[in-house]
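Subject: Structure handover, with notes on cavities, a pocket and helix packing

Dear colleague,

Please find below the structure that I promised to pass on to you. My notes follow it, and I would be glad if you could read them with the model open.

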Amino acid sequence: MERRLAVILATDMVGYSRLMETDQIGTITRQKAHRKELIDPEIERNQGSIIKTTGDGLLVVFQSAVDAVRAAIDIQKGMARRERQRSQDERITYRIGINVGDIVFDEGDVFGDAVNVASRLESMSEPGGLCISDVIHQLVQDGLDERFKNLGSQKVKNITRPVSVWQWTLDTEFEQVDVAEPPRNQRVQFCIAPDGVQIAYARVGKGPVLFKAPNWLNHIEYEWRSAVWGPFLARLAKKHELVRFDQRGGGLSDWDVDDISEASMVTDMTTVVEAAKLDDFALFGISQGCSFSVRYAVEHPERVRCLVLLGGFSRGALKRKSDEQAKLFEASQTMISEGWGSTNPIYRQFFTTGFIPDATPEQKTGFDELQRVSVGPQNFARINRMNALVDTQDLARQLRVPTLVLHSEGDRRVPLEEGRRLAA
């Protein structure tokens, strides 16, 4: 076995099983042509070596980070040209991830954390794009004219530490994205829930403690770059110590979890409160977080000074006895399962326009990206179903702490009537 520093590029085809089921011979034939005429020549031209191939992917080693990224971008641009005449469902597209580190070479194969991280970065990439680690970005930012979007720290499967990620896509409008950094005094920490799930939480600011329950999608670092959340969080932190966390299944918390349920979310709130040593605080719930907050306040009234609930509900979509709400839920599940990994942002914009229909283009772009980096499609569907089955009406009647309920007129995601019912 030999150990040496190397750059690893991992790639695979998006929707390989679906394409093979639709047209097995045609897919294989086109893939072989792409390999022969574009992919392999670009790798060779940039002095890369193919270590191994799978049915739909490659693992490639480069000596230079610039060569690896240049090869990846040229391949993605070439693929877009070669497949542009085909429909979205028929196109062959690739995801690519690139990382650098100490690699163990053994009998024609490679091993090590750097390889694992490259594979995880590949799975996080937009179809037709690439994700690179922060180390790679530092090595190439002065050597290439291409621009990358900072996705912040990401929790990747089977890697204990967060990984800083940068993304390139062919058609991203970078100028519309707020790329403000998280405040320097934000402290990100981790704690362990009773079932072993690792939960990431953050605290920032000074003053009376404001503890925020997890809403539908969270990412305690990327939210600061969002034109929707960044300014809002900054204002909250001006006069408070703001404590918030990423719900299990997303953000910087563990994604590979067995249990995603209302009970586990409330248990995670308790875990964070204990880890952060919070004794007396205002509890702030938004959207799904309102139901969690109600339950937590009923179970721990001695800790909750007051409760603020914004845009929430006491009963989920499938508990409202409404055919329209049930159909909307089923439509959302279809959007998640069929299109969450698509290059076409219309699937995610289905949710964006529901939450913020009058948002600016900058806000819509940032919220769309927040959805993608916060959670994968499987966990997203599980969280969506959990919310649809929530029913905290009986618990809400037991609340004995001062509570303010707020709701926006014209809310397309949670009807105003549900806010009124929660208040009642």
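This is a predicted model: local features need pLDDT of at least 70, side-chain atom pairs count only at pLDDT 80 or more; totals for chains, interfaces and linings use all residues.

Residues are numbered from 1 along each chain as its sequence is written, and side-chain values use heavy atoms, with hydrogens and water left out.

Cavities and pockets were found on a 1 Å grid over the protein atoms alone: a cavity is a set of points where a 1.4 Å probe fits but cannot get out, a pocket is an open set with protein on both sides within 12 Å along at least five of seven lines, and lining residues have an atom within 4 Å of a point. Grid points are joined across faces, edges and corners, and a volume is the space filled by probe spheres set on the points. Helices (H or I, at least four residues) and strands (E, at least two) are DSSP runs numbered from the N terminus. In the class counts, Ala, Val, Leu, Ile, Met, Phe, Trp, Tyr, Cys and Pro are nonpolar, Asp, Glu, Lys and Arg are charged, and the others, Gly among them, are polar.

There are three cavities of 30 Å³ or more. The largest cavity has a volume of about 210 Å³ and is lined by 16 residues, of which Ala317, Arg320, Asn384, Asn387 and Arg413 lie nearest its centre. Two elements, α9 (323–339) and α12 (377–388), each give two or more residues to this lining, and α9 supplies the largest share, four residues. Of the lining residues of the largest cavity, eight are nonpolar, six polar and two charged.

The second largest cavity holds about 70 Å³ of space, and its lining consists of Leu9, Thr11, Ile39, Ile43, Leu58, Ile75, Tyr94 and Ile96. Here β1 (2–13), α2 (24–45) and β4 (94–106) are the elements that give two or more residues, and the lining has seven nonpolar residues, one polar and no charged ones.

The largest pocket contains about 1000 Å³ of space. Its lining has 30 residues, with Ser123, Met124, Trp255, Gly376 and Pro377 the closest to its centre. Among the elements that give two or more residues to it are β1, α4 (113–124) and α12, and the largest share, five residues, comes from α4. By class, the pocket lining divides into 12 nonpolar, eight polar and 10 charged residues.

For the helix pairs, axes are lines fitted to C-alpha atoms over the stretch in contact, with angles running from 0 to 180 degrees between N-to-C directions. The axes of α2 and α3 (residues 65–83) come within 9 Å and cross at roughly 150°, which makes α2 roughly antiparallel to α3 (angles under 35 degrees count as roughly parallel, over 145 as roughly antiparallel, 65 to 115 as roughly perpendicular and the rest as oblique). Residues in contact (heavy atoms within 4.5 Å) include Ile39 and Ile43 of α2 and Ile75 of α3. This contact of α2 with α3 has seven nonpolar, two polar and seven charged residues.

Helices α7 (residues 262–276) and α8 (residues 288–299) pack at about 60°, with their axes 10 Å apart, and are therefore oblique to each other.

With best wishes
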